[in-house]
Amino acid sequence: AEQLVARLVTLVAAAWRDRQPGGVSWAYGHAVVGHNRRVQYAGGLARMYGKTDVPDFECIEGYEDHGVDFLFTWTLEGKLSGMIVNLACPSQEVEGESYVSADFWHDAREAIRQRHGAALPILAQCSAAGDQSPHLLVHKAAEAHMLQLRGLTPRQEIGRRIANAVDDVLEFAAADIRTDLPLVHHVAEVPLPVRRVSRAEYEEALARLAEAEATPVTPDQPFEYSRRYVMLRRYGRVKTRYETQDQEPVYATPVHVLRLGDIAFATNPFELFLDFGLRMKARSRAVQTFVVQLTGTGSNTVSGYLATARSVAAKSYGAEVADNRVGPEGGQVLVDRTVEMINALWD
């Protein structure tokens with residue numbers, strides 16, 4: 001966190017110091033990157049990253065969105081000076097490793113810069129994608145075969161697709177540069193009803209806490225030590241929530257909305273399941289709506305996943321009470337309030 005903050009402060013200061021007049025344009029393209037990561041089985045239960053080559057596999061639980069929203073910036077001479085790329089997939093093609101990485105966004109930036117300028121600034125945004133990932137759950141053998149034929153890693157393949165999406169729309173965006181347009185920013189703290197912890201969930205959390213506390217591990221066992229730490233935090237939060245939920249029935253959630261010409265940006269602090277983002281986009285008056293998840297924090301520093309009613313009913317990671325500070329009802333309140341704030345920018 002210290003490393004990130006130091007870099008961000010430096011970048012923001014440099015951007016402000018070096019700012020110049022220019023123009024913007026926006027465009028919408030497509031790149032297959034994110035896939036729903038929850039597998040449903042006969043009986044209605046789901047499993048994150050579940051097996052699909054088994055007899056009781058029924059379906060992938062939800063929708064996936066391959067749309068890409070672009071905002072391009074230009075100099076007054078019409079030279080491309082930067083871009084925002086917003087798509088519905090977290091950057092986690094590589095998981096479980098112990099190094100800092102931009103994941104597939106590094107490869108996307110490399111591919112775009114090879115074609116459009118070595119120093120081109122590229123800001124990545126993750127749209128609502130709490131139930132998405134870049135990992136395929138079907139067609140895995142076919143995908144591996146194509147990667148072998150192309151001589152690419154999975155990250156490089158995703159980078160190629162995003163760069164191709166840029167190329168597909170850039171010519172048209174360059175013909176529609178705007179230099180005089182409305183810029184409006186509103187922020188609100190939206191109270192969302194918390195997902196209540198039941199007595200049974202509380203008792204299960206106590207049992208899991210006791211199990212973790214009794215696990216004999218030492219710091220020279222990094223995996224086991226880390227897992228114990230995570231379990232203590234995970235179920236400790238459930239215990240605390242149960243004991244305070246009558247006194248703290250809402251979760252104060254910061255929401256920013258910004259209008260720039262015909263497009264809008266809308267933030268939230270959750271790992272927001274895709275369907276909520278689609279509801280916002282479908283009802284927004286903007287031509288394009290850039291939903292940006294994992295932005296800021298609510299009244300608790302861990303906002304967590306915000307799952308749909310369908311996913312909560314099917315259970316599994318991401319839709320359990322330990323994962324959800326706010327439940328599906330709160331998710332709909334977030335959608336309604338965000339849409340209201342966006343559309344007010346056009347009044």
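Q: How are α3 and α4 oriented to each other, roughly parallel or roughly perpendicular?

A: Start with the convention: axes are lines fitted to C-alpha atoms, for helices over the stretch in contact, with angles from 0 to 180 degrees between N-to-C directions. Under 35 degrees counts as roughly parallel, over 145 as roughly antiparallel, 65 to 115 as roughly perpendicular, and the rest as oblique. Here the axes of α3 (residues 140–150) and α4 (residues 154–174) come within 10 Å and cross at roughly 80 degrees, so the two are roughly perpendicular. Keep in mind that this is a predicted model, where local features need pLDDT of at least 70, side-chain atom pairs count only at pLDDT 80 or more, and totals for chains, interfaces and linings use all residues. Residues are numbered from 1 along each chain as its sequence is written, and side-chain values use heavy atoms, leaving out hydrogens and water.

Q: Which residues make the contact?

A: Contact means heavy atoms within 4.5 Å. On α3 look at E143, L147 and R150, and on α4 at P154, E157, R160 and R161.

Q: Which residues of α6 are buried?

A: Buried means under 20% relative accessible area, with a 1.4 Å probe and protein chains only. In α6 that covers M231, R234, Y235, G236, V238 and R241, and the buried residues of this helix pack against α5 (199–213).

Q: What is the strand order in the open sheet?

A: Strands pair if DSSP finds at least two bridges between them. The four strands run β10-β11-β12-β14, with mixed pairing. β10 (183–193) and β14 (288–292) are the edges, each pairing on one side only.

Key: Buried < 20%, exposed > 50% of the residue type's maximum accessible area, 1.4 Å probe, protein only.
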